[in-house]
Amino acid sequence: MAVSYEPLNPNTDVTTTRTLLHEVIPLTGTIVSGTYGGDAVALGSEGNIKDYSHGMFQSVYDYPYLSSSANHIFDVTLGFDESSDLSSSANTQNAKKIAIYNQFSQVLLGYNQTSSNVEIFESDLDITDDNRQMKECLFIPFSRLLSKDQIKKGTFTIELGTGVFAGAGLPFLERIKLQDLSASVDGTGVGTAVGGEYGVLYDTTGSISSSNSASHGVVFYQAGIIVLSASVFNQAGTGPDVFGLATFASGTCTQTGSTAGTGPARTPDEAWKLSAISGTCNAIRHRLYNVSYNNSTEINSTIYFCRMPVNKFNYSSNPTYTSGSKMVIKNEQSDLPVTYVTTIGLYSSNNELLATAKLSEPLKKDPTNEITLRVRLDY
Amino acid sequence: MAFLDNSGDIILDAVLTDVGRKRMAAGNFRIVKFALGDDEIDYGLYDKTNTSGPAYYDLEILQTPILEAFSQKNAAINYGLVSYARNDLLYLPTILQNTKSSLVSQGAINLDPTYNVHYLADNTKFSGNDNTVTLLKADITNGLDSILISNYGGSPKFIFVETGLNTTELSSNSQNQNSYLLSVGLNDNRFSVECDKRFINAVWGPTAGASFSMDANNEGVLSLSTLTSNTTSTTSRDLQNYSKMFVAGITSRLYPPTGNDNTSNYSAMAGPRGAWTALSFGVNPSLTLSDYQRYGKTAQSQGASSATYDYIDTIVYVRGANTNVVLQLPIRIIRTAQTS
């Protein structure tokens, strides 16, 4: 390589910046349960839904997951605390449901110092007051591909169908829309726990009649995890832990025998107790109408100011620069030399090329002008 | 790799190279300098006769589409922009291989036009009683001597390379040599030679006492009694598998005598001459039949005879240390066909 090097002064030619990049993430419910499902495909058999032999959670992809084009978008699982009224050794996957709850609580909330038990999720900003506890929860951890560094505060919305389970479109005749209304990007309106900052998800549709204030879950921004109370599907109850909707789920997702074509109608508490995790996850996906949020990516950039003084880089070693040793861009000796910059190479002290940058079009350089090119490397 | 969108504002497309990522992983990523390139530019498109005026001279150049940045080792800057203190330079040095018959008679070799290669023969390999060079000479019937013997063995042969101004607009006298080359720092006191280290492990060059000048009989004389080898190499930062070695550059003293200027009979440069060097190479002794099979061809004929050869084709890059001019030499590493 035949080049002249120009040093970069670390004090005047190099600077660092930090910027936040946001993307809008809209997830329509049809991707989750409709696009690869429908009448001909039973819930849970969609190509973009991956169940595991351990049965502890279900993964949702944006495309049939056996394809290399598929992207993992989120998981769904559920559980309850061992102190829940629903906990019973006779229940289906009782231990696994408790384990799931404990795992999320341990990671996101930590342990209660006085009882040495995991904290109980609450749909408020104070996890120590034991108010508004959520002992039976639905967990939706989003893939880092979507949530990136964190979910942007104040942007999260999830809309769920609360209508009749069976029948095309019927679940969505009635809907509940939850938003982190109180959270703000400046950090107000959010709580802090070991799993990072979290905001409360409020019912903005007022579709649930409840004697309590309308908060039904929390969103952990950095962890990218949604925790919803199972009571979110309760239209007739009087509190977050009361399940009253008779047709929360039915059909294949609640069937108990391998030969049963349809399963019994179940209330949410029955589904939490009697159905397998994957079956209840199928029912929840069937009720997922919409999810949207903005993610945030923190970009740390180093900017190199490549300054081309008037008396530098005025000649080229390009073979076409001369013809018969005479410069093709000059007629006379007094003509000014001209070059055209297309590439910037950034080098280490021992001339190793560490980064390269291309201009979108050639840039004219001659001794009458001084050019500064600003090369930004993002990390 | 696509072209960059050049329909709007100028944008910069920057990427880390493979080396950059490696340095980042190792925790010693530190950028301290930059250089500029113009690889895509064809300066032949500069139309300085355009009657519409200077603003139209570079219209076509400015429309040159630019490829996206890429990250491989050799993706960098092949033809860089250079800085010279003076803005009034009208000529820049060129590099040429000298194959004048007067030099060939003194040991310089030609390119074999049949295969467009210079041969680098591993003469330790025999077929029957005949070594590689003997067989190869019988197969090359064009009368041109184009065979180097590995590690300068036997009768010394070399590739003769010159830098200077290849123009008839300037006399090749010492005054012009000084004005256009020496005084402006455009003379090479050494050349870097980049070879594929898998195939070539030594470069031979002239000793300090060598000279190229006109004698009392107005004939060009190359005083080059021997070549000296250089096996000290550094890994090339631009080319994969290449290493860089240096050989001496000797300032040419080939000036036109009084009266008839016959120096063009001896030099490839029509104008002022800068430096020259003479090159030979050593074949990596660890090359095996499988290397020839993998990187080249085996049991191939090179002429009318029944002799067959194993060979590997490679490119050697010769660069002037000060002038930055580059010459690419196609080399065919060859031996009589072997079984190991």
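Biologist: What order do the strands of the open sheet have?
Modeller: The order of this five-stranded open sheet is 1(A)-2(B)-20(A)-21(A)-1(B), with antiparallel pairing. Strands (E, at least two residues) and helices (H or I, at least four) are DSSP runs numbered from the N terminus, and two strands pair if DSSP finds at least two bridges between them.

Biologist: Which strands stand at the edges?
Modeller: Strand 1 (6-7) of chain A and strand 1 (12-16) of chain B; each has a single partner strand, so one side of each is left without a neighbour in the sheet.

Biologist: And what packs on the sheet?
Modeller: Helix 1 (residues 18-26) of chain B does, touching strand 21 of chain A and strand 1 of chain B. Touching, or contact, means heavy atoms within 4.5 Å.

Biologist: Before going on, what should I know about the model?
Modeller: This is a predicted model, in which local features need pLDDT of at least 70 and side-chain atom pairs count only at pLDDT 80 or more, while totals for chains, interfaces and linings use all residues. Residues are numbered from 1 along each chain as its sequence is written, chains are lettered from A and ligands numbered from 1 in the order in which they are written, and side-chain values use heavy atoms, leaving out hydrogens and water.

Biologist: How many bridges join strand 20 to strand 21 in chain A?
Modeller: Eight, between residues 339-347 and residues 353-365, and the two strands run antiparallel. Ile344(A) stands opposite Ala357(A) of strand 21 there.

Biologist: New topic. How many salt bridges over all chains?
Modeller: The count is 20, taking a salt bridge as a side-chain nitrogen of Lys or Arg within 4 Å of a carboxyl oxygen of Asp or Glu. One of them joins Lys312(A) and Glu6(A), with the closest N and O atoms 3.0 Å apart. Lys312(A) is in the loop between strand 16 (288-308) and strand 17 (315-316) of chain A and Glu6(A) in strand 1 of chain A, so the pair ties together parts 306 residues apart in sequence.

Biologist: Is Glu6(A) buried or exposed?
Modeller: Glu6(A) is buried, at 12% relative accessible area, whereas Lys312(A) is partly exposed, at 25%. Buried means under 20%, exposed over 50% and partly exposed in between, with a 1.4 Å probe and protein chains only.

Biologist: What about Ser280(B), where is that found?
Modeller: Ser280(B) sits in strand 18 (residues 273-283) of chain B. Its relative accessibility is 1%, so Ser280(B) counts as buried. Its contacts include Leu148(B), Tyr152(B) and Trp204(B).

Notes: Axes are lines fitted to C-alpha atoms, for helices over the stretch in contact, and angles run from 0 to 180 degrees between N-to-C directions. Lists of a residue's contacts leave out its neighbours within four places in sequence.
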